[in-house]
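Thank you all for coming, and please have the viewer open while I talk.

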Amino acid sequence: GAAGPAVPGGAVVPDEILISVTSDPPGAEVTVDAFPLPGVTPIAGVPVSSRDERTVRVTRDGFEPFEAAFDMTRDRDIAVVLEPLGTDVAGATAATPGSGIVLEVNEATWLEAYQSPNRNDGDRLVYTTAQPGERFEFQRPLYLHFGNAPGVDLFVDGEPVSTIGDGGAVTGQSFPAD
């Protein structure tokens, strides 16, 4: 991009910078000065206008929103750990093992998750290519769509689900409200 104005000390501020945002858990929406970034976390290399200070907000259903001001005169990599609603940092504990639906990714797989028993209905929680080592936790109602079903281990209420598809299978699974 074109160079922006010089700042004290002779440095030149670019007109645009690149922002990357990751969150734990992934699948959060991100805004910069109330303008939404495309997709959900992890978000990589999105161009935004350069400013001395911009407010970044990261939100996900079931978690306390994160909001902070950042110097946006250079590229930024922002990593955020979201806290579950109703917890404080000093007393935060992990989600109760055995509750809800947990995915552990072993092989790269396309993953879509909706807060509804139907695909493309309700809030979209995740829409990404999940990578090995990522873990996702959800509550019902939920619809999951996988691009490589055997690439994930699925646990429902703490119990493993034996198979959700064969070698590279594209499949979806619905989990209605309890």
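Let me begin with a definition: rings of Phe, Tyr and Trp (for Trp, its six-membered ring) form a pair if their centres lie within 6.5 Å, and a pair is called stacked when the planes are under 30 degrees apart, edge-to-face when they are over 60, and tilted for the rest. By that rule, two aromatic pairs are present in this structure.

Before we look at them, a word on what we are seeing: this is a predicted model, in which local features need pLDDT of at least 70 and side-chain atom pairs count only at pLDDT 80 or more, while totals for chains, interfaces and linings use all residues. Residues are numbered from 1 along each chain as its sequence is written, and side-chain values use heavy atoms, with hydrogens and water left out.

Now to the pairs. Trp-110 and Tyr-127 have ring centres 4.8 Å apart and planes at 85°, so this pair is edge-to-face. Trp-110 belongs to strand β11 and Tyr-127 to strand β12 (residues 124-130), so the pair ties together parts that lie 17 residues apart in sequence. Strands here are DSSP runs of E with at least two residues, helices are runs of H or I with at least four, and both are numbered from the N terminus. In the other pair, the rings of Phe-136 and Phe-138 have centres 6.2 Å apart and planes at 0°, so that pair is stacked.

Let us step back to the chain as a whole. Its secondary structure comes to zero helices and 17 strands, and of its 178 residues, 35% count as buried. Taking contact to mean heavy atoms within 4.5 Å, residues 24 or more positions apart account for 55% of the contacts with a separation of 6 or more.

Next, please find the open sheet of four strands, which has the order β13-β10-β15-β16 and antiparallel pairing. Its edge strands, each pairing on one side only, are β13 (135-138) and β16 (159-160). Two strands pair if DSSP finds at least two bridges between them; here four bridges join β10 to β13, and two join β15 (residues 152-156) to β16. Across these pairings, Leu-103 stands opposite Phe-136 in β13, and Val-156 stands opposite Glu-159 in β16.

In a regular strand the side chains alternate between the two faces of the sheet. With that in mind, look at β13, where Phe-136 and Phe-138 make up a covered face and Arg-135 and Glu-137 an uncovered one.

That brings us to the interior. A nonpolar core is a set of buried Ala, Val, Leu, Ile, Met, Phe, Trp, Tyr and Cys residues joined through side-chain atoms within 4.5 Å. Which members of the largest core, with its 19 residues, touch the most other members? They are Leu-103, Phe-138 and Leu-144, and the elements giving two or more residues to this core are β10 (101-105), β11, β12, β13, β14 (142-146) and β15. Another core, of 18 residues, lies apart from it and includes Ile-19, Ala-28, Val-32 and Val-46.

Finally, consider Glu-112, which is placed in strand β11 (residues 109-114) and counts as buried because its relative accessibility is 4%. Its side chain makes a polar contact, at 2.6 Å, with the side chain of Tyr-114. Such a contact is a pair of N or O atoms within 3.5 Å; within protein, one must be able to donate a hydrogen and the other to accept it, and residues adjacent in sequence count only if both atoms are side-chain atoms. Beyond its neighbours within four places in sequence, Glu-112 is in contact with residues including Arg-119, Tyr-127 and Leu-144.

Terms used
Buried < 20%, exposed > 50% of the residue type's maximum accessible area, 1.4 Å probe, protein only.
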